[in-house]
Amino acid sequence: MADPAASAATPSELSTGELVTRISRQLSTLVRDELQLARVELTEKGKKAGTGAGLFGGVGVLALYGVGALLTAAIAVLTLTLPVWAAALIVAAVLFVVAGIVALVGKKNLSQAAPPTPSEALGNVKTDVQTIKEHAHR
């Protein structure tokens, strides 16, 4: 167990070995704490992302039924002046054009997305490293 008098001593009163031991212990604790923070942060983000994805899945199913009804209505309107096959072909062509545009926009957004990183933990680690560097040069 550590000597209580040594823990109360100022760094200038400690031997080099004691200082190295203290720094090693503190650095080890700091790294463990930052890794734990990163783990907790990523777990929370994962839970929120999972819930959001589930809700979007449900919305997608409902929207699909709505789109089906609208497409049927569009074909029905066009059959007033065109044969059924022509009306269905026109509606399908419009759908493919819209799908192409949405795919391009989605691809652009995915390429701009940042990877999921524990930003708070990374910021803390960068601050810790900078602090250690500053104190090491003194």
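## Basis and a buried glutamate

E41 has 11% relative accessibility and therefore counts as buried; the classes are buried under 20% relative accessible area, exposed over 50% and partly exposed in between, with a 1.4 Å probe and protein chains only. This is a predicted model, in which local features need pLDDT of at least 70 and side-chain atom pairs count only at pLDDT 80 or more, while totals for chains, interfaces and linings use all residues. Residues are numbered from 1 along each chain as its sequence is written, and side-chain values use heavy atoms, with hydrogens and water left out.

## The salt bridge

Side chains of opposite charge can pair when their charged atoms come close. A search of the whole structure gives one salt bridge, a term that requires a side-chain nitrogen of Lys or Arg within 4 Å of a carboxyl oxygen of Asp or Glu. The partners are E41 and K45, at 3.8 Å from N to O.

Both residues belong to helix α2, and because they are four residues apart there, about one helical turn separates them. Helices here are DSSP runs of H or I with at least four residues, numbered from the N terminus. In contrast to the buried E41, K45 is partly exposed, with a relative accessible area of 39%.

Helix α2 spans residues 16-78 and packs against helix α3 (residues 84-112) at an angle of about 135°, their axes being 8 Å apart. That angle makes α2 oblique to α3. Axes are lines fitted to C-alpha atoms, for helices over the stretch in contact, and angles run from 0 to 180 degrees between N-to-C directions. Angles under 35 degrees count as roughly parallel, over 145 as roughly antiparallel, 65 to 115 as roughly perpendicular and the rest as oblique.

Helix α4 (residues 119-136) also packs with α2: the two axes come within 8 Å and cross at roughly 160°. The result is that α2 runs roughly antiparallel to α4. The crossing of α2 and α4 is left-handed, whereas that of α2 and α3 is right-handed. A crossing is left-handed if the near helix is turned anticlockwise from the far one by less than a right angle, and right-handed if clockwise.

## Nonpolar surface patch

Which residues form a nonpolar patch on the surface? They are I23, L27, V31, L35 and I132, with about 440 Å² of accessible area together. Patch members have over 30% relative accessible area and no salt bridge; like charges are joined within 9 Å, and nonpolar side chains (Val, Leu, Ile, Met, Phe, Trp, Tyr) within 5 Å. Accessible areas come from the Shrake-Rupley method with a 1.4 Å probe, and for residues only the protein chains shown count as cover.

Helix α2 supplies the largest share of the patch, four residues. I23 is located in α2 and counts as exposed at 54% relative accessibility.

## Residue separations

S119 lies in helix α4 and is partly exposed at 46% relative accessibility. S119 and E41 are 78 residues apart in sequence, with 8.6 Å between their C-alpha atoms.

L89, in helix α3, is exposed at 54% relative accessibility. The C-alpha atoms of L89 and Q26 are separated by 71 Å, and the two residues are 63 apart along the chain. N124 is in helix α4 and is partly exposed at 30% relative accessibility.

How values were computed. Helices (H or I, at least four residues) and strands (E, at least two) are DSSP runs, numbered from the N terminus.
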